[in-house]
Amino acid sequence: RLVPTAMLPRAVALLALVALAFGHDGHVHDDGMAADANTDHDASAHAAHAGAADASTAATRVEHRMTFSTDYRSVAILFDNWSAMNPWQYALSLLAIFVLGVALEGTHYVRSRFEKAATKDAGDGVRQTIGFRLMQSGLYGTSTTLGFLLMLITMTFDVGVFITVMAGVTAGFFVFIFG
């Protein structure tokens, strides 16, 4: 039985929670004016006070750094709207990134266990049924996607994010290597 696959829905739910936490309130405008958490306004009002001609050009912008930094407020993680504006959002982001690191190692583990089980059942040769090949391909695609996402997250050059990615994959390796 491959228990680690049961963790995947929880990881997806955590990522959805992180995405919801980074809504409209508290973001930084192009003109440097921070949105008030108590302000309730529509997209046209948003565009007007951001100095933009329309709402589509009033998007949040975070500069991309090429050197390591510890200023969490200037980090955009994968998407412009996934940027921490307070310590709680940053902590929630780090938790989600840690879970992604563990999930990456979990997919490696599941894939190897699946292949070992198939090899054991088939004797010397691996069963090359379409189901086996589809499962292996899906697991490979999932682990490759997670790996690339973690690489892109690491490229934020935030020290806390970098350490969290490394801690997540290390913890995942530790947990799954003894499984």
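**Before you click**

What you have is a predicted model, where local features need pLDDT of at least 70, side-chain atom pairs count only at pLDDT 80 or more, and totals for chains, interfaces and linings use all residues. Residues are numbered from 1 along each chain as its sequence is written, and side-chain values use heavy atoms, with hydrogens and water left out.

**Stop 1: the whole chain**

Switch to cartoon view. Helices here are DSSP runs of H or I with at least four residues, strands are E runs of at least two, and numbering starts at the N terminus.

Of the 179 residues, 33% count as buried. Buried means under 20% relative accessible area, exposed means over 50%, and partly exposed is in between (1.4 Å probe, protein chains only).

**Stop 2: the largest core**

Select I77, Y90, I97, L150, I153, V161 and V165: these have the most contacts inside the largest nonpolar core, which has 18 residues. A nonpolar core is a set of buried Ala, Val, Leu, Ile, Met, Phe, Trp, Tyr and Cys residues joined through side-chain atoms within 4.5 Å. The elements giving two or more residues to this core are α3 (87–122), α4 (130–154) and α5 (159–177). Which helix gives the most? That's α3, with seven residues.

Zoom in on I97. Leaving aside neighbours within four places in sequence, I97 is in contact (heavy atoms within 4.5 Å) with I77, L150, I153, V161, T164 and V165. Apart from this core lies another one of five residues, among them Y109, V110, L139 and F176.

**Stop 3: A96**

Next, pick A96 in helix α3. Its relative accessible area is 1%, so A96 is buried. Draw a distance to G168: the two C-alpha atoms are separated by 9.6 Å, though the residues are 72 apart along the chain.

**Stop 4: along α4**

Select α4 and check its length. Its 25 residues should span 36 Å at 1.5 Å a residue, and the end C-alpha atoms are 36 Å apart, which agrees. The expected span is 1.5 Å times one less than the number of residues. Buried residues in α4 include F132, Q136, L139 and S143.

Is Q136 buried or exposed? With 11% relative accessibility, Q136 counts as buried. Not counting residues up to four places away in sequence, Q136 touches R111, F114 and E115.

**Stop 5: out on the surface**

Select F173, F174, V175, I177 and F178, which make a nonpolar surface patch of about 600 Å². Nonpolar patches join Val, Leu, Ile, Met, Phe, Trp and Tyr side chains within 5 Å, using residues with over 30% relative accessible area and no salt bridge. F174, found in helix α5, counts as exposed because its relative accessibility is 58%.

**Stop 6: the salt bridge**

The cut-off is a side-chain nitrogen of Lys or Arg within 4 Å of a carboxyl oxygen of Asp or Glu. R73 is partly exposed at 48% relative accessibility, and D71 is partly exposed at 30%.

Technical notes: Patches are made of residues with over 30% relative accessible area and no salt bridge: like charges are joined within 9 Å, nonpolar side chains (Val, Leu, Ile, Met, Phe, Trp, Tyr) within 5 Å. Accessible areas come from the Shrake-Rupley method with a 1.4 Å probe; for residues, only the protein chains shown count as cover.
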